[in-house]
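Thanks for asking for a second pair of eyes on this one. Here are my notes, point by point.

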Amino acid sequence: MFGNIRKKLNSVIQEGLNISENISSHYIKPSSPKSPQSPVSPGATSNTGVPSSFPQSVPPFINLYAGCDLLAINERQWTEIRDLNELNAKKAADVDATILDIRDRTERTLTTIQDVNVTLAALPVVVTTLNGCVDVIKDVGAKCETLEKKLMELEDLLEVLELQEKQLDHRFEMAMYKEKKLAALEKVREELAKKHADSVMKHELKMRKVQQERQSVFQDAFQDDMKFYKEQGTIPKVETRVGERKLSLEEVELDDTDTKDALDEFLNN
């Protein structure tokens, strides 16, 4: 809008300047008017202000420079109007820029207000959604508490199972240790039994050897006594050492069966 006004003002000013230049080129105002009584010289103006070169058909009472002042005034006014129009055009451009800026800011503000309206319109839905989220969060919290309790129970159960497993492992280890110790004890017992049997056998062999030696000595003595008894009819007295305990016939035990049977037969006769 202001651009069109500015173009029209510029065209009007340009037309005024063209008219002023045309008038100034055809009608030149003299520097100082001559009096009517001054003579006209060649190349000079007459008393009416008309150059001498003008044709003499122009009446003397017509002043051809009569409109120069008016034209000068109009020219000055047109110049002032042009300057004012240029100033107005600049101000109009500034106002146009300001209006454009205001329009942009207004559009942005309108867009922001529309966004705010849309957001406010969607606010109930957001509130409803938030309430649903709060309910879901409460439900999730309750389920988390239940899950936490179940996890604690599961942890206790796992501890019990782990303890039972450890007990079973300890029992198995104890059984294996007991079996190992029993096997070692049995081995030691067998070794001790074998050593004892060997010792007993050695002792028996030794005692049997001693008994056999004693039996042979006693048998020889008995045979000698029997021979002496058969020959003399008396039994020889056996000298005993002082301090030694005298043995009775009942205390004498014969290990040899043959000797015992011969003694019994002799006593019975």
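1. Let me begin with the span 137–171, whose end C-alpha atoms lie 49 Å apart. This span is 100% helix and 0% strand. In the unreviewed UniProt entry, residues 137–171 carry the annotation "coiled-coil region"; such annotations may be inferred rather than shown by experiment, and UniProt positions are given in the numbering used here, with feature names shortened.

2. A word on the basis: this is a predicted model, where local features need pLDDT of at least 70, side-chain atom pairs count only at pLDDT 80 or more, and totals for chains, interfaces and linings use all residues. Residues are numbered from 1 along each chain as its sequence is written, and side-chain values use heavy atoms, with hydrogens and water left out.

3. The chain has three helices and zero strands, in the order α-α-α from the N terminus. Helices (H or I, at least four residues) and strands (E, at least two) are DSSP runs, numbered from the N terminus.

4. Buried residues (under 20% relative accessible area; exposed is over 50%, partly exposed in between, with a 1.4 Å probe and protein chains only) make up 6% of the 269 residues in the chain. In helix 2, the buried residues are Cys68, Asn85, Ala89, Ala92, Gln215 and Met226.

5. Where does helix 2 bend? Helix 2 (residues 68–232) bends by about 40 degrees at Leu123, and Pro124 follows within four residues. The bend is the angle between axes fitted to the seven residues ending at a residue and the seven starting there.

6. Leu123 also belongs to a nonpolar surface patch with Val116, Leu120, Val126, Val127 and Leu130, about 500 Å² of accessible area together. Patches take residues with over 30% relative accessible area and no salt bridge, joining like charges within 9 Å and nonpolar side chains (Val, Leu, Ile, Met, Phe, Trp, Tyr) within 5 Å. Areas come from the Shrake-Rupley method with a 1.4 Å probe; for residues, only the protein chains shown count as cover. Val126 lies in helix 2 and is partly exposed at 40% relative accessibility.

7. Six salt bridges are counted, each a side-chain nitrogen of Lys or Arg within 4 Å of a carboxyl oxygen of Asp or Glu. Among them, Lys143 pairs with Asp139 at 3.8 Å between the closest N and O atoms, and Glu162 pairs with Lys166 at 3.9 Å. Lys143 and Asp139 sit four residues apart in helix 2, about one turn. Lys143 is exposed at 55% relative accessibility, whereas Asp139 is partly exposed at 41%.
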